[in-house]
Amino acid sequence: MKQVVTIVAVDDNPANLKLVSDLLEIEGYRVLRCADPDTALKTIENERPVLVLMDIGLPGMDGMQLTKIIKSRPHLSSIIIVALTAFAMKEDKERVMAAGCDGYITKPIDTRKFKDEVETFLKKKA
Amino acid sequence: MVIKKQRAKPSKKPRKETQSSDERFRLVVESAPNAMVLVNNHGKIVLINGQAERLFGFSRKQLIGKGLETLIPERFKTQHPQFRGNFFSSPETRSMGAGRDLFALRSDGTEVAVEIGLNPLESEEGPMVLASIIDITERKKIEERFRLIVESAPYAMILVNDQGKMIFANSETEKLFRYTRNQLIGNGIEMLIPTRVRNKHPQYREAFHQKPKMRAMGEGRELFAVRRDGTEFPVEIGLNPITSPEGHMVLASITDISDRKAQEANRLKSEFLANMSHELRTPLNAILGFSELMIDKKIGDLNAKQLDYLNDIHASGLHLLNLINNVLDLSKIEVGKVELRLEDFDLSDTVDQLVKTLVPIAVKKGITITQLLTPEVPSICLDRSKFKQVLYNLLSNAIKFNNPGGTVAIESSKDGLNSFKIAVTDTGIGIAEKDQKNIFVPFLQVDTSLTRRHEGSGLGLALTKEIVELHMGKIEVKSAVDAGTTFTVTLPISLQKP
């Protein structure tokens, strides 16, 4: 029996949260949906997902803060965090990586490529 | 020789005492830290001290009894007897030559810059003057250094007295305000202030004198200065209170901050654009993503009409995304935020890559793409991804606006020592002469009904032109209605400095 992989998706925009979560559920992942950083942290602590899809918004917002917190807790630091960002500029990508993300995918996502990109991140860990 | 204080009566002291007061005098003169020369009213040197011997390079024997003019440079000699005459007619202790630069002559013929103090004395032999002479070469050197510093300062420096009059301005002031020093000195500082704020200024000056403190002027306000021709420019002003023998003054240092303001405006603009682009892309995620999921039948089957509409939604979403990206790119270039990443790359490889990506849509319309690249330009050194952007835009337009079954020809040629041309020719609908100047203007589209069908963003060529010009190149179009179009781009072969 194939083991179900748990992914936590964090996005304060309901449509975007629905999009990534539905997309991955169709592919057979178990996706837990979180609309704010506090819910996300609680869920991550309780469920210990393999991967977190983190919406990174404007500077000063919670996505990067949450990433730093997760990476600073030893029992959570091995969780793969992939940032979803609508920013296209080099400096923004650098900032995202500096906050501790393991990678990023730019928005708007290409749904046809998305599942492969997620798979690549999961494989890296294994 | 008997020396007495001025206006004292001749003494009836015994000889021994007058001898010892003579001695005392000699001792005082000899031990003085300055060069001292005692001169009688005929201009003859009566006594000098050791310092004077050292300063002038003469021994006592050589000077005593000689005229004072021996120690004066040629060009001042003729006037000097007159000065001596003036002094003896109204003798008083004072410094010599106020406002003039004084020079003395050494035994070896060289000159030394000096300051001279004059002391009248009465003696039995008549009135005399004791001159004390200071070598001010060092002081002048230091003064010259300060003058150089002030004159070479990159900002305007103006010294303003407590009446608001300018008493000194450095050369940068002349450059910045376009006046000569003479036109400024003696006039009020208010002449450099725009008329609309001029009347308030005396108040500010008064307030500053009440509480003089080194500080920047106009905290929180925007300051402007006005040039001779009436044009204004933004400035930053530092104020330094100075107390000197001339009274309370202010040293104002003025910097032209026009550049800095322009940069700030640019920075804010590009920040705004980055944020705006981010905001616009976020909802597109849902539009493109959900329509894709449905088109790919990931959540159930669709009838033909549903599929058709969803394809339209998706295509419009892509179009919008393209538009947003192009707007951001265009403004980045305008704001000067784009830096070219130069690299050497093979021209024909790059063209091949691009053609490969476009073959699918070319085949759909039955279009053939041909290449004729000159071997004279095998590789170029430019920003590779931007070059590809330009070529992609021209090629995709050539296919888009082509007639079914038509051709697209890519040709390159060498154009002088460090320049090449690349031309893209299509057999399509062409561009009317009257429209040719408009095609590079952002959002201005030619014959909107036709181009709407072709889904142009109206920005592709505008962006292409900007990129070409950023590379110091140029783009030209040759076309006529229904006779096809040729776009020719001229670029340097290498932008790298040798």
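User: How many salt bridges does the rule find across the interface of chain B and chain A?

Analyst: A salt bridge is a side-chain nitrogen of Lys or Arg within 4 Å of a carboxyl oxygen of Asp or Glu, and across this interface the rule finds two. One of them joins the side chains of A:Arg112 and B:Asp296, at 3.0 Å from N to O. This is a predicted model, in which local features need pLDDT of at least 70 and side-chain atom pairs count only at pLDDT 80 or more, while totals for chains, interfaces and linings use all residues. Residues are numbered from 1 along each chain as its sequence is written, chains are lettered from A in the order in which they are written, and side-chain values use heavy atoms, with hydrogens and water left out.

User: How many residues does the contact take from chain B and from chain A?

Analyst: With contact meaning heavy atoms within 4.5 Å, chain B gives 22 residues and chain A gives 22 residues. B:His278, B:Arg281 and B:Asn285 supply 30% of the area that chain B buries against chain A, more than any other three residues; buried area is the accessible area (1.4 Å probe) that two parts lose on being put together, summed over both. Between these chains that area is about 2000 Å², with 62% of it from carbon and sulfur atoms.

User: Is A:Cys34 buried or exposed?

Analyst: Buried means under 20% relative accessible area, exposed over 50%, and partly exposed in between (1.4 Å probe, protein chains only). A:Cys34 counts as buried because its relative accessibility is 0%, and A:Cys101, at 6%, likewise counts as buried.
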